[in-house]
Amino acid sequence: MLVKVNELLKDATENHYGVPAINVINIETAHYAALAAEQEHMPVIIQFYPGFKDYAPLSAIAGAAKYYAERASVPIAVHQDHSQGYEIALEGIRDGFPSVMVDGSSLPYEKNVALTKSVVDVANVFNVDIEAELGHVGVGANAEDFVTDGFYTDPAQAEEFVERTGCGSLAIAVGNAHGPYVKVPHLDFGRIQECREAVSIPLVMHGCSDIPDDQLQKAVNLGMSKFNIATEYFRTMYRSLEKEIESDSHDGNGVNLMFGIKEDCIAFVASKIRLLNPNNYSM
């Protein structure tokens, strides 16, 4: 069943489980994420990065993700990931995403507040959830981005930011980064706890691929609810395609090749669902 992101995350926060937010690129990867949720009888969020909109239009991915969510036997939410600016956030709202992230984290604080509030004001008219970001979640290829605590989210500022913008969930920087990491990240658990105590809305962690399992589970138990996963899912897709091609079992049949990666993709998402449910919550 298709549910709102904020509704799902509030349930996750109250019941101490995390929801994997799986970035997809096409109909197959969206479908396989939904099948994994049904297999595990637990929810997922299917999300799309708008930087790929030239490959797959926003409306096409939103439509496909909602199609599978509506027909699923478990709650599934649909979300547009990093929207860098007002225009792309509004494109996501226009093109049918029930939830949109607006990312003003690279802007000065007051401009981030203004951008986020302007998007929230529009989203409220259309009953769309808004995720925002405070702090600098950089890239894993640059160690300074995730080891420098000056980039981390200030809990006191987070409280003010949420109050002033009205955003429905907040992505925080606590030693995490996007893409492959050049060294093992070490999350700032004290800051996670302080942010959890400072704000009442669900907390989001970006860059969850390759963060050690024990750290992710501790973050769940400290109250984080949404865990964005892209790099590992796309890596699974690539490795599975590579394996299928090398097996020479499809004899050049591209259609069968895409069916061939189905089980690996489902198994990967299912493993993340189980990992982020350390307390064995059952819906």
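These notebook entries record what I looked up in a predicted model.

**Entry 1: strand 2 and its cover**

I began with strand 2, which spans residues 44-48. I asked how many of its residues are buried. The count is five of five, and I noted the strand as mostly covered.

I then sorted the side chains by direction. Val-44, Ile-46 and Phe-48 point one way, while Ile-45 and Gln-47 point the other way. The residues on both sides are buried. In a regular strand, side chains alternate between the two faces of the sheet.

**Entry 2: the neighbours of strand 2**

Next I looked up which strands pair with strand 2. Strand 1, residues 19-23, runs parallel to strand 2 and is joined to it over three bridges. Within this pairing I located Asn-23, whose bridge partner in strand 2 is Gln-47.

Strand 3, residues 76-83, is also parallel to strand 2, and five bridges connect the two. Here I found Ile-45 opposite Ala-77 of strand 3.

I followed the chain between these strands as well. Strand 1, helix 2 (residues 27-40) and strand 2 form a right-handed β-α-β unit. Strand 2 then takes part in a right-handed β-α-β unit with helix 3 (residues 58-70) and strand 3.

**Entry 3: the largest nonpolar core**

I turned to the largest nonpolar core, which holds 91 residues. Which of its residues touch the most other members? I listed Ile-46, Ile-76, Leu-170, Met-205, Phe-227, Tyr-233 and Val-269. Helix 12, residues 262-275, supplies the largest share of this core, with seven residues. Ile-46 was already in my notes as a buried residue of strand 2.

I examined Phe-227 in more detail, setting aside residues up to four places away in sequence. Among the residues it touches are Gly-18, Val-19, Pro-20 and Ala-21. Phe-227 also touches Met-205, which is likewise on the list of core residues with the most contacts to other members. Further contacts of Phe-227 include Cys-208, Leu-216, Ala-219, Val-220 and Leu-276.

**Entry 4: Ser-105**

Last, I located Ser-105 in the loop between strand 4 (99-102) and helix 5 (109-125). Is Ser-105 buried or exposed? Its relative accessibility is 17%, and buried means under 20%, so I recorded Ser-105 as buried.

I then looked up its polar contacts. The side chain of Ser-105 meets that of Asp-103 at 2.6 Å and that of Glu-133 at 3.0 Å. Beyond its neighbours within four places in sequence, Ser-105 is in contact with Asn-112, Glu-133 and Gly-135.

Technical notes:
Residues are numbered from 1 along each chain as its sequence is written. This is a predicted model: local features need pLDDT of at least 70, side-chain atom pairs count only at pLDDT 80 or more; totals for chains, interfaces and linings use all residues. Side-chain values use heavy atoms; hydrogens and water are left out. Helices (H or I, at least four residues) and strands (E, at least two) are DSSP runs, numbered from the N terminus. Buried means under 20% relative accessible area, exposed over 50%, partly exposed in between (1.4 Å probe, protein chains only). A polar contact is a pair of N or O atoms within 3.5 Å; within protein, one must be able to donate a hydrogen and the other to accept it, and residues adjacent in sequence count only if both atoms are side-chain atoms. Contact means heavy atoms within 4.5 Å. Two strands pair if DSSP finds at least two bridges between them. A crossover is right-handed if, with the strands pointing away from the viewer, the path from the first strand over the helix to the second runs clockwise. A nonpolar core is a set of buried Ala, Val, Leu, Ile, Met, Phe, Trp, Tyr and Cys residues joined through side-chain atoms within 4.5 Å.
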